[in-house]
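Q: Could you walk me through this structure? I'd like to start with a charge and a ring, and then move on to the rest.

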Amino acid sequence: MSDEDLISVDYEVFGRVQGVFFRKYTQAEGKKLGLVGWVQNTGAGTVQGQLQGPRSKVKEMQEWLRSTGSPKSHITKAEFKDEKTVDSLEHSSFNIVK
């Protein structure tokens, strides 16, 4: 692990992001980047969750959530809030929450 800050950030993604394997792709991308956290569908038709990990990797994931997503998704916007530095990771892996 580098001496890079660990950060935690909550996110919500808007657009056509349910029923298009968005959560599965988000989980895979998060794991690929070495992040921990979670992702779930909301009743409002969005996808939300939390990312934790080294600042540069979280920023990469934020860009992925903002612009890439799953192949059949159509992202209109992604919002990020409550970004904070954490001393240690609060999750052990990247999970899909039902």
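A: The charged end of Lys77 sits over the ring of Phe14, 4.7 Å from its centre, where sitting over a ring requires NZ of Lys or CZ of Arg to be within 6 Å of the ring centre and within 35 degrees of the ring normal.

Q: What kind of model is this, by the way?

A: This is a predicted model, in which local features need pLDDT of at least 70 and side-chain atom pairs count only at pLDDT 80 or more, while totals for chains, interfaces and linings use all residues. Residues are numbered from 1 along each chain as its sequence is written, and side-chain values use heavy atoms, leaving out hydrogens and water.

Q: OK, which rings make an aromatic pair?

A: The rings of Phe22 and Trp64 do, with centres 6.1 Å apart and planes at 45 degrees, so the pair is tilted; the rule is that rings of Phe, Tyr and Trp (its six-membered ring) pair if their centres lie within 6.5 Å, with planes under 30 degrees apart counted as stacked, over 60 as edge-to-face and the rest as tilted.

Q: And where do Phe22 and Trp64 lie?

A: Phe22 lies in helix 1 (residues 22-32) and Trp64 in helix 2, so the pair ties together parts that are 42 residues apart in sequence; helices (H or I, at least four residues) and strands (E, at least two) are DSSP runs, numbered from the N terminus.

Q: Is Phe22 buried or exposed?

A: Phe22 is buried, with a relative accessible area of 1%, given that buried means under 20% relative accessible area, exposed over 50% and partly exposed in between (1.4 Å probe, protein chains only). Trp64 is buried too, at 10%.

Q: New topic: what does strand 3 pair with?

A: Strand 3 is joined to strand 1 by eight bridges, running antiparallel, and it also pairs with strand 2 (residues 36-41) in the antiparallel sense over six bridges, where pairing needs at least two bridges found by DSSP.

Q: Which residues does the UniProt "active site" annotation cover?

A: According to the unreviewed UniProt entry, that annotation covers Arg23 and Asn41, although such annotations may be inferred rather than shown by experiment, and their positions are given in the numbering used here. Although spread over 19 residues of sequence, they cluster in space, with a largest C-alpha distance of 7.7 Å.

Q: How accessible is Arg23?

A: Arg23 counts as partly exposed, at 22% relative accessibility, and Asn41 is partly exposed as well, at 28%.
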